[in-house]
Number of protein chains: 2
Amino acid sequence: MKINVMQDVLQANDRIAGENRQLFKKNRNLVLNLMSSPGAGKTSLLEKTAEKLTGKLRLGVVVGDIETTRDADRIAKYHVPAIQLTTGTACHLDANMVASALPHLALDKIDVLVVENVGNLVCPAEFIVGEDFKIMILSVTEGDEKPLKYPLMFRESALMLINKVDLLQYTNFNLEEAKSNARKINPAIDIIEISCTKGTGLDKWIGWLNARYQKKLGDLTNA
Amino acid sequence: MKINVMQDVLQANDRIAGENRQLFKKNRNLVLNLMSSPGAGKTSLLEKTAEKLTGKLRLGVVVGDIETTRDADRIAKYHVPAIQLTTGTACHLDANMVASALPHLALDKIDVLVVENVGNLVCPAEFIVGEDFKIMILSVTEGDEKPLKYPLMFRESALMLINKVDLLQYTNFNLEEAKSNARKINPAIDIIEISCTKGTGLDKWIGWLNARYQKKLGDLTNA
C-alpha cells in the first residue's frame with residue numbers, strides 16, 4: 001500500500017512534468033534540473049553562469065529552498081529573472097511546485113531555464129519537473145565515494161560538475177577515483193572539473209550548456 | 001489526504017521509537033542520532049570517537065546509507081560493533097529500520113550507541129528513532145547560512161559540531177555568523193568547533209558525550 005501511494009504520487013508528477021515540458025517546448029527553453037548536496041555550490045555556479053552568459057543566452061532561474069529567499073536574491077543581482085519556491089518541509093522540488101512558478105516568468109524571453117533544486121543528494125533525483133537534463137554538482141570536500149553511496153542522483157544526471165577543485169590539495173579527495181566511481185554508476189555521464197571561486201573550468205561548462213541549447217533548437221526546428 | 005498519510009507514518013514511527021527507547025533504557029545505553037549533509041564528516045567523527053573512547057566507554061554504531069557498507073567497514077576496523085542498514089531509496093532512517101538492526105547488537109555491552117543517519121540535511125530530522133539526543137555536523141565548506149535554509153535539523157539538534165575548521169582559511173565561511181544563525185533557530189543549541197583530520201576540539205566533544213552519558217546513568221538510577 002505504501003508503494004501504491006508513492007506510485008500515485010509519481011504518476012501525478014509525471015503528468016504535470018509533461019505539461020511543463022510542452023510549455024518549455026513552445027517557448028524554446030532548454031531546461032536543466034540542477035541538484036547537489038547543501039553547500040556544494042549551486043547558487044555560486046548560477047552567479048558565474050549569469051556573468052558568462054550576459055549578451056549571449058538569456059538565463060532564467062527557479063530556486064527551491066526549504067526556507068529563505070537568499071538564493072533568488074543572490075541571482076537577481078545579476079539581472080536574471082529568478083523565482084524562489086520555499087518548500088516548507090519538502091526536501092525536493094516536484095513538477096507541480098515548478099509549474100506554480102512558471103506563470104511568474106516570461107518564458108518567451110528566456111533561453112536557458114535552470115531549476116535549482118533543494119540541497120539534497122537523495123530525493124530530488126526521484127522527481128522529474130519537465131527538464132531536458134538533470135545535472136549535478138559534487139564538491140571535492142564531500143568525498144570521492146559519493147557516487148557509490150548515492151547512486152540514483154549520479155545515474156540520472158547527464159553531467160557531473162566537480163566543484164571546489166581549488167581545495168583539492170587540502171582534502172584526501174581523489175579525482176580519478178571520483179570519476180571512476182561515477183562512471184561505474186553511469187558510463188555515459190559527462191564530467192567537468194570547476195572552481196567557482198577561481199573560475200577554473202567555467203568556459204568548458206558554458207560550452208557544454210551552449211551545445212545542449214543549440215542542439216535543442218535544432219531538434220525543435222527539425223521536428 | 002496527503003497529510004493524513006504522513007500523520008499515520010509518523011504515528012507508527014513514534015510507537016516503534018518508543019519500543020526502541022525501552023530497550024535502550026533496559027540496557028543503559030545513551031543513544032545519539034547523528035545527522036549531516038553528505039560528506040560533512042560523520043564517519044570520520046566516529047572513527048576518532050572510537051579511538052578516544054577506547055578503554056573508557058564502549059561504543060556501538062548503526063549506520064544508514066542508501067547503498068554500500070563502506071561506513072560500517074571503516075568503523076569496524078576500530079573493533080566497534082557496527083551494523084550497516086542499506087536503505088535502498090529511503091533518504092533517512094526511521095525507527096523501524098533502526099529496530100531491525102538492534103537484535104544484531106549486544107546492547108548490554110554497549111554504553112554509547114550512535115545512529116549514523118543517511119547524509120541529508122532535511123528528512124532525517126523529521127523521524128525519531130528512540131534517541132536521547134539528535135546531534136549534527138555542519139562542515140565549513142557548506143556555508144554559514146545553512147541553519148536558516150534547513151532550520152528543522154538545527155532546531156531538533158542538541159549539539160552542532162562545526163567540522164573541518166582546518167579549511168576555514170580557504171573558504172568564506174564566517175564562524176560567528178554560523179553560530180548566530182544556528183542560535184536564531186535554536187537558542188539552546190550547544191556548539192563545538194572540530195577538525196577530524198587535525199584533531200582540533202575532539203576532547204571537548206568527548207567531554208560533551210561523557211557528560212551526557214553520566215547524566216543518563218544518574219537519571220536511570222534515580223528513576
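Predicted model: local features only at pLDDT ≥ 70, side-chain atom pairs only at ≥ 80, totals over all residues.
Start with the total. A search of the whole structure finds 30 salt bridges over all chains.

First up, chain A. Asp132(A) pairs with Lys216(A), and their closest N and O atoms sit 3.0 Å apart. This bridge links distant parts of the chain. Asp132(A) lies in the loop between strand 4 (112–116) and strand 5 (133–139) of chain A. Lys216(A) belongs to helix 8, residues 202–222. What about burial? Asp132(A) is partly exposed, at 32% relative accessible area. Lys216(A) has 15% relative accessibility, so it counts as buried.

Now chain B. Arg74(B) forms a salt bridge with Glu47(B), closest N and O atoms 2.9 Å apart. Again, distant parts of the chain are linked. Arg74(B) is in helix 3, residues 70–76, and Glu47(B) is in helix 2, residues 42–53. Arg74(B) is partly exposed, with a relative accessible area of 26%. Glu47(B) comes in at 15%, so it is buried.

Next pair, still chain B. Lys134(B) bridges to Glu131(B), with closest N and O atoms 2.7 Å apart. Buried or exposed, Lys134(B)? Buried, at 5% relative accessible area. Glu131(B) is buried too, with a relative accessible area of 5%.

Last, the network. Which residues are joined by salt bridges that share partners? Asp65(A) and Asp71(A) from chain A, with Glu145(B), Lys146(B) and Lys149(B) from chain B. They make one network.

How values were computed:
Residues numbered from 1 in each chain as written. Chains lettered and ligands numbered in written order. Heavy atoms only, no water. Salt bridge = Lys/Arg side-chain N within 4 Å of Asp/Glu carboxyl O. Helix = DSSP H or I, 4+ residues; strand = E, 2+ residues; numbered from the N terminus. Buried < 20%, exposed > 50% of the residue type's maximum accessible area, 1.4 Å probe, protein only.
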